Amino acid sequence: MNISSWLMYWILRLDGIIYVLDKLFLVAMILVGGAGLFAFVYTLVKVEGNYEEDEDAVKKIGKAWMAYLRYLKWIIIFTIPICFLKMAIPSSKQMCLIIAVPAITNSELMQKDIPDATGKIFKLGIDYLETLVKEKKNTAQPADQQKNK
């Protein structure tokens, strides 16, 4: 697999893209929280009836609430895709692993040469350990024979 400089650019830019999406999500959540606070205050004003004598103030609050709901609808429409993008876009480290690990493990070197070399190294290690065990037994036997005498 050939990795072009364009692909490397986008892999390295993934962290920046995720950063921007984080900030957009944060702004959207602040706006949604503001809408909730506005709804709470609007409900208190309506229920308490403090402004019953001033109907214009209640109508202005109602109009402001409806305008904010229109904005809130668009905020939610844009927030949901941002959430899914944040989940789907890997970081640059993850993307490097996604590209590099299959390329390394599927290479001809890993498939043919490394297992043969690994087998040879493993056999050499086993042979060396066997010789160490034999030497240990040979050096331990004379000491045991002297104790028995």
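## A residue in helix H2

Ile 80 belongs to helix H2, which covers residues 55–88. The structure discussed in this report is a predicted model.

Is Thr 79 buried or exposed? Its relative accessible area is 7%, and Thr 79 is therefore buried, since the limit for that class is under 20%.

Which residues does Thr 79 touch, when those up to four places away in sequence are not counted? The partners of Thr 79 are Phe 25, Ala 28 and Met 29.

## Overall organisation

The secondary structure of the protein consists of four helices and zero strands. Read along the sequence, these elements give the pattern α-α-α-α.

Among the contacts in the protein with a separation of 6 or more, 75% are between residues 24 or more positions apart. Of the 149 residues in the protein, 15% are buried. The protein exposes about 12200 Å², and carbon and sulfur atoms supply 67% of that area.

## Helix H1 and a pair of residues

Helix H1 spans residues 5–48, and Val 41 is found within this helix. Val 41 has a relative accessibility of 43% and counts as partly exposed.

How far apart in space are Val 41 and Ile 61, C-alpha to C-alpha? The distance between them is 9.8 Å, while their separation in sequence is 20 residues.

How many salt bridges does the protein contain by the rule applied here? The count comes to one. This salt bridge joins the side chains of Asp 127 and Lys 123, with a distance of 3.5 Å from N to O. The pair qualifies because the nitrogen of a Lys side chain must lie within 4 Å of a carboxyl oxygen of Asp or Glu.

Both Asp 127 and Lys 123 are part of helix H4, which runs over residues 108–148. The two positions are four residues apart, a spacing of about one turn of the helix. Asp 127, at 32% relative accessibility, counts as partly exposed. Lys 123, in contrast, is exposed, because its relative accessible area of 52% lies over the 50% limit.

Notes
Residues numbered from 1 in each chain as written. Predicted model: local features only at pLDDT ≥ 70, side-chain atom pairs only at ≥ 80, totals over all residues. Heavy atoms only, no water. Buried < 20%, exposed > 50% of the residue type's maximum accessible area, 1.4 Å probe, protein only. Contact = heavy atoms within 4.5 Å. Areas by Shrake-Rupley, 256 points an atom, 1.4 Å probe, with all protein chains shown as cover.
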